[in-house]
Amino acid sequence: MSSASESVPPSVRTCLNCRQRLVLAVSGGSSMPPAKPSGQRQDTRHAAKYVQKLAMNPCPCGNHGVRGAECICPPMSIRRYSTRLSGPLRDRIDIDLQVSRVAASRAMSDHSPSMTTAQARKRVAAARERAARRWMSMRWRRNAEAPGTSLRQGALRPAPAVRAPLDRALERGALTLRGYDRVLRVAWTMADLAELDRPGIDEVGRALLLRRGLPR
């Protein structure tokens with residue numbers, strides 16, 4: 001998911017940040033032309049493949065919705081704080097996760113994660129290989145690189161029952177066409193991780209839920 005920026009897979013990467021609302025974006029990045037001189041100065045542009053991560057507190061004091069904590073922010077302040085991210089920026093966020101404060105008992109325990117780094121790396125590599133085989137006849141290798149038209153039309157177009165939740169959200173205005181395509185990319189990534197030939201209603205539903213934001 002060579003350079004460190006190109007090693008990031010188009011899949012979900014999570015981390016815990018105490019007292020913060022973590023927002024993760026799965027992005028294919030953008031390619032830019034090489035350096036070009038402009039007047040008296042040199043403007044340099046570099047090709048980039050990246051995963052953008054944004055993190056914010058739920059409110060100015062950071063305690064809104066936190067179990068066992070007291071929020072001192074008035075409702076208008078909380079609403080105003082949540083709108084600091086513009087609509088176009090939010091529309092480019094694929095995965096919205098709210099994480100809870102880490103308990104002291106968990107921080108001090110020696111409990112090991114259910115999946116090791118080596119196991120996760122192997123699973124991601126297998127998923128990327130599935131995606132590469134799928135896009136073999138085209139110029140893309142990752143789901144994040146595929147244009148929306150290739151995901152919505154042709155042989156890879158989801159069945160009507162599978163895309164029904166996305167169609168309804170698009171018709172209601174709850175989802176833009178850009179968001180529609182980005183949900184499909186996450187759903188394809190979930191299918192690749194699960195070793196499925198194509199995403200089903202479960203993968204599309206989970207991708208849509210992740211985009212809307214999981215509650216604490």
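The largest nonpolar core of the predicted model comprises 23 residues, a nonpolar core being a set of buried Ala, Val, Leu, Ile, Met, Phe, Trp, Tyr and Cys residues joined through side-chain atoms within 4.5 Å. Buried denotes under 20% relative accessible area, exposed over 50%, and partly exposed the range in between, with a 1.4 Å probe and protein chains only. Trp135, Leu151, Leu166, Leu175 and Val183 have the most contacts inside this core. Two or more residues each are given to this core by helix 6 (160–172), helix 7 (177–193) and helix 8 (201–212), and the largest share, 7 residues, is that of helix 7. Leu175 is in contact (heavy atoms within 4.5 Å) with Leu166, Ala169, Leu170, Tyr180, Val183, Leu208 and Arg211, when residues up to four places away in sequence are not counted.

The chain contains 8 helices and 5 strands, taken as DSSP runs numbered from the N terminus (helices H or I, at least four residues; strands E, at least two). Their order along the sequence is β-β-β-β-α-α-β-α-α-α-α-α-α. Of the 216 residues, 35% count as buried. Residues are numbered from 1 along each chain as its sequence is written, and side-chain values use heavy atoms, with hydrogens and water left out. Local features need pLDDT of at least 70 and side-chain atom pairs count only at pLDDT 80 or more, whereas totals for chains, interfaces and linings use all residues.

Packed helices are described by the angle between their axes and the distance between the axes. The axes of helix 7 and helix 8 come within 8 Å and cross at roughly 125°, the axes being lines fitted to C-alpha atoms over the stretch in contact and the angles running from 0 to 180 degrees between N-to-C directions. Helix 7 is therefore oblique to helix 8; angles under 35 degrees count as roughly parallel, over 145 as roughly antiparallel, 65 to 115 as roughly perpendicular and the rest as oblique. In this pair, Gly179, Arg182, Val183, Val186, Ala187, Met190 and Ala191 of helix 7 meet Glu203, Val204, Arg206, Ala207, Leu208, Leu210 and Arg211 of helix 8.

Asn143 lies in the loop between helix 4 (117–134) and helix 5 (148–152) and counts as buried because its relative accessibility is 3%. Beyond its neighbours within four places in sequence, Asn143 contacts Ala131, Arg134, Trp135, Arg185, Trp188, Thr189 and Asp192.
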